[in-house]
Amino acid sequence: YKLICMPNTREIKRRIKSVGNIRQITRAMQLVAASKMRRAQRRAADSDAYAYGALDILENLTRKAYGVKEHHFWKGNGKGSGKQAIILVAANRGFCGGLNITLFSKVMAFVKKIKKAGDEAEIITVGSKGRILARKTGLKIAADFSDFGDKIGIKDIMPLVRVAVGDYRAGDYKKIHIAFTRYVNALVQKPEIRQILPIEIESFKEIAEIDEKMKKQILGNGNGGTGNGARYIFEPNPEATFERLVPHLLEIEIYKAILEHQASEHSARMVAMKNATDKAGELIDDLRLAYNQARQAGITREIAEVSAGAADVV
């Protein structure tokens, strides 16, 4: 006969308590992640007006000034660099499901595409998980900004923008991209890779989540100009204004991407911790059932022993 060993009730009670403690931790992490997700969403929404205004100025510049079209921020630096940079926005912590793996897979596929075209790829990391990935895969890290916290502000990313713009101006890179995870809803987050230099208006719109409906609400008529019919006067000239404007556009673009990724990270962590909490509850139910079965078996065994002892006495 096959002997099935059941753990004693004391061991099962210890496991129930242990799983219960873990469930309390995952539940707390779920609530914290939900709070941080809502905060990141609000901050992303609060920056929309700046993004819409910057887009309006950019469209006016590129529509009315031909010299802007020949600018290296728009046309390219033309210095023959064979390198492209990727600003990798990743998480600082784990416990967020497959969020990092999904983004990293897309980045590695994009790096292979760059190498296939004959160029080199370098990584500018934002978040410790991105730095770890780059080191493990042998990618060259051009700069690292892993000390950004959850309450990042527009001023915090200025060093990152200065590095990107400065290296592009110097001709070190012919293209600069940004990789992040776009927040769709609490259950869906999608990895994205967008080009930020040379400037692409459509890429700016996608990162800043600018659509015609929201643009109309902010700017007025939504027909490519300001809602009140204002006319821009650029001093000293559109080209110089464009040169000064682009770094601020990149600040908004990168800032929006980081906020999007933070909302995605907290959302993914909230879902992962909810799943862990639910699984812990199911495990506790199974352990309680095993505890009751073991307890019942023990009582039955004791009754049988008492009955057997009484029969021997008789």
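Which residue stands opposite Q189 in β5? Y183 does. This is a predicted model, in which local features need pLDDT of at least 70, side-chain atom pairs count only at pLDDT 80 or more, and totals for chains, interfaces and linings use all residues. Residues are numbered from 1 along each chain as its sequence is written, and side-chain values use heavy atoms, with hydrogens and water left out.

**Overview**

- The chain holds 10 helices and 5 strands. Helices (H or I, at least four residues) and strands (E, at least two) are DSSP runs, numbered from the N terminus.
- Of the 314 residues in the chain, 46% are buried. Buried means under 20% relative accessible area, exposed means over 50%, and partly exposed lies in between (1.4 Å probe, protein chains only).
- Take the contacts between residues at least 6 apart in sequence: 77% of them join residues at least 24 apart. Contact means heavy atoms within 4.5 Å.

**The sheet**

- The 5 strands form an open sheet with mixed pairing, in the order β3-β2-β1-β4-β5. Two strands pair if DSSP finds at least two bridges between them.
- β3 and β5 are the edge strands, each pairing on one side only.
- From one strand to the next, the twist averages 25°.
- Strands of a sheet pair through backbone hydrogen bonds, either parallel or antiparallel.
- β1 and β2 run parallel and are joined by 7 bridges. L88 stands opposite T125 in β2.
- β1 also pairs with β4 in the parallel sense, over 5 bridges. Here Q84 has K175 in β4 as its bridge partner.
- β4 (residues 175-183) and β5 pair in the antiparallel sense over 8 bridges. They form a hairpin, with 5 residues between the two strands.
- β5 (residues 189-197) is mostly covered, with 7 of its 9 residues buried.
- β2 is mostly covered too: 6 of its 7 residues are buried.

**Helices α5 and α6**

- Two packed helices are described by the angle between their axes and the distance between the axes.
- For α5 (residues 99-116) and α6 (residues 128-137), the axes come within 11 Å and cross at roughly 45°. Axes are lines fitted to C-alpha atoms, for helices over the stretch in contact, and angles run from 0 to 180 degrees between N-to-C directions.
- The two helices are therefore oblique to each other. Angles under 35 degrees count as roughly parallel, over 145 as roughly antiparallel, 65 to 115 as roughly perpendicular, and the rest as oblique.
- The crossing of α5 past α6 is right-handed.
- On the α5 side, the contact uses N100, F104 and M108. On the α6 side, K129, G130, L133 and T137 meet them.
- By class, this contact of α5 with α6 has 3 nonpolar, 3 polar and 1 charged residues. Ala, Val, Leu, Ile, Met, Phe, Trp, Tyr, Cys and Pro count as nonpolar, Asp, Glu, Lys and Arg as charged, and the others, Gly among them, as polar.
- An α-helix has 3.6 residues a turn, so residues three or four places apart point the same way.
- S128, G130, L133 and A134 are the buried residues of α6. They pack against β1 (83-89), α5, β2 (120-126) and β3 (140-145).
- G138 follows α6 and has a positive phi, near 80°.

**Loops and backbone features**

- L197 and P198 are joined by a cis peptide bond, with omega about -5°. P198 is in the loop between β5 and α8 (201-208).
- F95 sits in the loop between β1 and α5. Its phi is positive, near 60°, in a residue other than glycine. F95 is exposed, at 61% relative accessible area.
- A117 lies in the loop between α5 and β2. With 58% relative accessibility, A117 is exposed.

**Pairs apart in sequence**

- A117 and G82 are 35 residues apart in sequence, and their C-alpha atoms are 9.7 Å apart in space.
- Q24 belongs to helix α1 (residues 9-46). Q24 is exposed, with a relative accessible area of 57%.
- Q24 and A280 are 256 residues apart along the chain, with 9.5 Å between their C-alpha atoms.

Technical notes:
Left-handed = near helix turned anticlockwise from the far one by under 90°.
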